[in-house]
Amino acid sequence: LFRSKTRFSDVWGQDAVLERVKENILFLENPDAIESRGGHVPGGILLWGPPGTGKTLMAEAVAGETGRPYVFVDPGAFVNMFFGIGVLKVKGLFRKLRKLALRYGGVIVFFDEADTLGSRGGQVSQMRPSTQFSEQYTLASHTCNGRSYASELGQAILADEDRKVVMGGMGGGRSFDGTLQALLTELSGLKKPRGFLNRIVRRTLGMRPKQPPKYRILVMMATNMPASLDPALLRPGRIDRIYRVGYPSKEGRIETYRNYLNKVTHNLTQEQIESLATISPYATGASIKDTVNEALVIAIREGRETVEYADVIKAKSLKQHGLPDGGAYVDRERHSVALHEACHAVTMYRLQHNSVIDVATIERRGDVGGFVSPIPLEDRFVQWKSEVDTDVVTFIASLAGEQLFYDGDHTQGVGGDMAAATSLVTRGMLSHAMGPTLRAINASSVANSGLILNGMPLVQGLSMEGEIAEAIEDRLQDLYKQAVAVLKKNRAAVLAVTHALETHRTISGEDVAAVIEGRPGPLVDGTIYATRQMKKALEDYHSAAVAAHKVRDGRPPALPQLPE
């Protein structure tokens with residue numbers, strides 16, 4: 001129990017949800033505003049969404065704005081090795097809440113990680129998933145609500161198919177010891193007569209029990225697994241309002257970055273802050289705070305007191321992609337890995353218009369030798385066929401590039417890229433009518449079956465042989481030719497990005513763009529790569545590297561040095 005000092009002004013990036021939560025203050029402060037009109041005061045709010053989006057902060061803000069006592073409840077405290085202890089703890093908690101509500105005119109109680117307490121364990125898996133929490137049951141790809149056009153029997157068949165794919169097996173979970181039942185009873189029993197004398201003795205004497213006082217208890221719960229909550233907990237009268245607290249909008253991310261950066265000394269411009277918000281589509285308040293703090297650590301490590309834009313970029317990459325292993329490549333392998341990633345990066349930059357490059361790296365992380373990470377510019381619901389083709393061309397670019405630049409040879413590293421490209425083409429043809437036929441199969445069935453070759457069934461009734469296999473291969477061949485054409489046209493840009501990766505190992509998406517366009521970037525000066533002398537030096541270097549690749553124990557030349 002404590003008095004919260006948090007205010008609504010401390011909650012950033014969740015304006016839409018915050019406005020709805022503010023309504024509950026009106027009902028808590030002035031319940032007559034709704035009760036005098038025949039309504040009732042909502043007694044419970046569920047906030048659900050990804051971790052770090054501000055659910056707990058909102059509950060603290062409600063308590064801080066009202067000045068009411070704030071009780072934080074860890075549901076794990078109700079899990080006991082002895083049967084029935086959790087029930088007694090729940091009853092004791094609500095006994096204290098009623099006393100606080102009468103003393104202070106109201107109380108806010110917040111249950112964090114509500115799925116721990118609000119689930120019946122294995123029993124919940126037997127229930128159909130609620131459409132209210134559709135985020136938890138997203139299929140392999142979005143689609144329109146086509147099943148609404150089917151008959152009732154048809155809708156049941158489609159729903160049953162989805163449940164088989166998404167839900168999986170049933171059973172398991174923790175045991176049910178009555179703790180949830182006690183919570184449900186307490187939430188429903190706030191308006192029932194209480195006390196032995198009031199309920200028993202007065203009824204025995206033929207007198208009606210006195211109604212209890214109106215306890216102003218606002219129950220708030222938070223979870224990132226809402227589908228595991230028991231439906232009995234979420235019914236009106238217990239949890240009256242359910243709000244999704246998703247990732248902040250771009251405006252919310254700008255405000256969050258600005259506010260956390262204002263807590264430290266920095267020299268970032270408004271344009272740079274907006275750029276950070278753009279390349280952080282899934283950032284939460286917690287992750288932004290952590291990124292700014294890591295940027296401050298980087299600045300201090302380098303002997304500076306002012307956080308710079310490059311510090312935040314480095315911190316963001318570190319937090320999102322993890323710390324590199326520190327392993328080094330031999331010279332000949334370093335060049336081929338860098339060229340592989342450069343082909344991805346240049347193709348992505350030239351063709352993809354709905355996303356930007358976040359980071360390109362050749363630093364090893366476990367089994368991953370390097371990668372180029374894209375970021376969507378906006379939250380899209382569906383993709384067009386042309387956009388899927390662009391994604392496939394971006395994957396195929398590694399194979400096309402290695403064969404183009406290494407005289408038809410290529411590494412094993414293209415295997416994962418080609419598997420992804422094949423998967424996209426296959427799913428598009430079988431599930432989204434993006435092939436030569438109009439047939440379509442449930443996207444989840446395709447996604448969960450995997451791609452099985454040599455005649456083994458992809459999904460029931462289909463195989464990777466015959467018409468389907470030929471159509472997939474033809475489409476991949478066409479998109480391969482597109483990738484080759486893009487890389488031939490941008491040969492100088494590929495070699496420039498390759499050299500930048502070999503030199504810096506990790507560069508931001510803005511630096512990739514700077515190298516390709518020949519302009520200054522945050523960490524890399526791309527103007528150097530636009531000169532005729534540098535372009536010739538890179539061609540000579542690559543030719544020597546290819547020659548060394550064809551000779552046993554061949555020694556590649558030294559990496560061209562950037563001019564001072």
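**Figure 1. Ser 386 in helix α13.** Ser 386 belongs to helix α13, which spans residues 385-405. In this predicted model, Ser 386 counts as partly exposed because its relative accessibility is 48%. The C-alpha atom of Ser 386 is separated by 9.7 Å from that of Met 434, a residue 48 residues apart from Ser 386 along the chain.

**Figure 2. The whole chain.** The chain has 564 residues, of which 45% count as buried. The chain holds 19 helices and 8 strands. Among contacts with a separation of 6 or more, 73% come from residues 24 or more positions apart.

**Figure 3. The aromatic pair of Trp 12 and Tyr 260.** The search of the whole structure returns 4 aromatic pairs. One of them joins Trp 12 and Tyr 260 in an edge-to-face arrangement, with 4.9 Å centre to centre and 80 degrees between the planes. The pair links distant parts of the chain, 248 residues apart: Trp 12 is in the segment before α1 (15-29), and Tyr 260 is in helix α8 (residues 250-261). Trp 12 has a relative accessible area of 17% and is therefore buried. Tyr 260 is also buried, with a relative accessible area of 17%.

**Figure 4. The aromatic pair of Tyr 70 and Phe 110.** Tyr 70 and Phe 110 form a stacked aromatic pair, at 6.5 Å centre to centre and with 25 degrees between the planes. This pair also links distant parts of the chain, with Tyr 70 in strand β2 (residues 70-73) and Phe 110 in strand β3 (residues 107-111), 40 residues apart. Tyr 70 and Phe 110 are both buried. Together with Phe 72, Tyr 70 and Phe 110 make up one aromatic cluster.

**Figure 5. Arg 244 over the ring of Trp 48.** This view shows a charge placed over an aromatic ring. The charged end of Arg 244 sits over the ring of Trp 48, at 5.9 Å from the ring centre.

**Figure 6. Helix α10 and its buried side.** Helix α10 consists of 17 residues, 285-301. From its first C-alpha to its last, α10 reaches 24 Å, close to the 24 Å expected at 1.5 Å a residue. The buried residues in α10 are Ile 288, Thr 291, Val 292, Glu 294, Ala 295, Ile 298 and Ala 299. These residues lie on the same side of α10 because they cover an arc of only 160 degrees around the axis. The cover over the buried residues of α10 includes α8 and α11 (309-321). On the face of α10 turned away from its buried side are the exposed residues Ile 300 and Arg 301. Gly 303 follows α10 and has a positive phi, near 80 degrees.

**Figure 7. Thr 284 in the loop between α9 and α10.** Thr 284 is placed in the loop between α9 (270-278) and α10. With a relative accessible area of 6%, Thr 284 is buried. Not counting residues up to four places away in sequence, Thr 284 touches Pro 51, Gly 52, Thr 53, Tyr 247 and Pro 248.

**Figure 8. Helix α12.** Helix α12 (residues 331-351) has 21 residues. Its reach from first C-alpha to last is 30 Å, close to the 30 Å expected at 1.5 Å a residue. Helix α12 is mostly covered, with 15 of its 21 residues buried.

**Figure 9. Glu 113 in the loop between β3 and α5.** Glu 113 is a residue other than glycine with a positive phi, near 50 degrees. Its place is the loop between β3 and α5 (152-167). Glu 113 has a relative accessible area of 39%, so the residue is partly exposed.

**Figure 10. Arg 505 in the loop between α17 and β8.** Arg 505 sits in the loop between α17 (491-504) and β8 (506-508). The phi of Arg 505 is near 70 degrees, a positive value in a residue other than glycine. Arg 505 counts as partly exposed, at 28% relative accessibility.

Notes
Residues are numbered from 1 along each chain as its sequence is written. This is a predicted model: local features need pLDDT of at least 70, side-chain atom pairs count only at pLDDT 80 or more; totals for chains, interfaces and linings use all residues. Side-chain values use heavy atoms; hydrogens and water are left out. Rings of Phe, Tyr and Trp (its six-membered ring) pair if their centres lie within 6.5 Å; planes under 30 degrees apart count as stacked, over 60 as edge-to-face and the rest as tilted. Helices (H or I, at least four residues) and strands (E, at least two) are DSSP runs, numbered from the N terminus. Buried means under 20% relative accessible area, exposed over 50%, partly exposed in between (1.4 Å probe, protein chains only). A charge sits over a ring if NZ of Lys or CZ of Arg is within 6 Å of the ring centre and within 35 degrees of the ring normal. Contact means heavy atoms within 4.5 Å. The expected span of a helix is 1.5 Å times one less than its number of residues. The arc is that of the directions from the helix axis to the C-beta atoms.
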